[in-house]
Amino acid sequence: MKCTQGGSFSKGELQRFGNIELSPSAGVLNYGQGLFEGLKAYRKDDSILLFRPEENALRMRQGAERMCMPSPTVEQFVEAVKETVLANKRWVPPPGKGSLYIRPLLMGSGAVLGLAPAPEYTFLIYVSPVGNYFKEGVAPINLIVEHELHRATPGGTGGVKTIGNYAAVLKAQSAAKAKGYSDVLYLDCVHKKYLEEVSSCNIFVVKGNIISTPAIKGTILPGITRKSIIDVARSQGFQVEERPVEVDELLDADEVFCTGTAVVVSPVGSITYKGKRVSYGLDGFGAVSQQLYSVLTRLQMGLIDDKMNWTVELS
Ligand code: PMP
């Protein structure tokens, strides 16, 4: 789908996956006008289930506003996702064998030389079957707290899913992986003591019946899994607090876990901060992350009653 600055998107068409042509002076290549989304489709018998696709559409629209880009309407976005998934139905893995990852992408494809929003935009969607995100599978992951590099600053673009945020994490993430960690946990860049998020997922800290997670304040991505897990946890009787969470709280947490479309719910086995390693003594899920993972994934796969009306069934 294409659209000019200030215009609206018209209906797109299905195309075989392949390279696309861009001007060397496309806005996305020169000034980073790019946004993406990520969602998954699960197979259930003869139908396919999407999980809250309108939330991805809304998040893309908020991001587009921040990045001076036009965006598809919620209806256009959801319809395009449905059409793409149905056209690729054969690639959706059988139940229990993974999912189809769906990647909507919005970019400034028009040519622009001086710094300005691009004159033209392209919205496209591609898909790929996927298994687990971390090589650990659903085994606990090991994080390292980054205290020098940051992925987001107040007033910046950390709260939207723009491509540059991911370039910003590559250095710390590659260094962490080279040392054997699964990923990086970022701190706020002002006080350098409040938790933000991991390179591609949100973080939760469990103490007794209370589950705390950093509040949304523009420097972390408002994860759709995060939002869903908050509702699931409350419905399961947990108290959930969205507030500033200090890095020191990791020391006496009972459990820590991450959430995201790709990682679903991933238990954290250990966190290293300034050379000190805090271990949560897990060889699988902790009790709380296990419970939440189980409810969320059964909902996403259509194995329990969807009282929240979160899944969209395609057949
Ligand atoms: N934070 C970041 C930086 C991410 O890239 C993601 C993945 N989209 C998340 C959090 C989790 O968001 P969601 O649950 O919507 O996938």
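Helices (H or I, at least four residues) and strands (E, at least two) are DSSP runs, numbered from the N terminus. The structure is a predicted model, in which local features need pLDDT of at least 70 and side-chain atom pairs count only at pLDDT 80 or more, whereas totals for chains, interfaces and linings use all residues. Residues are numbered from 1 along each chain as its sequence is written.

According to an automatic or database domain assignment, the protein chain comprises domain 1 (2-130) and domain 2 (141-300), whose centres, taken over C-alpha atoms, are separated by 26 Å. In total, 19 residues of domain 1 are in contact with 12 residues of domain 2, contact requiring C-beta atoms, placed from the backbone, within 7 Å. The largest share of the side of domain 1 that touches domain 2, 6 residues, comes from helix 2.

In helix 6 (residues 287-300), Val288, Ser289, Leu292, Tyr293, Leu296, Leu299 and Gln300 are buried, that is, 20 or more other C-beta atoms, placed from the backbone, lie within 10 Å of their own. These residues cover an arc of only 140° around the axis, which puts them on the same side of helix 6, the arc being that of the directions from the helix axis to the C-beta atoms. Just after helix 6, Gly302 takes a positive phi of about 75°.

Terms used
The expected span of a helix is 1.5 Å times one less than its number of residues. A residue is buried if 20 or more other C-beta atoms lie within 10 Å of its own, exposed if 12 or fewer, and partly exposed in between; C-beta atoms are placed from the backbone. Two residues are in contact if their C-beta atoms, placed from the backbone, lie within 7 Å.
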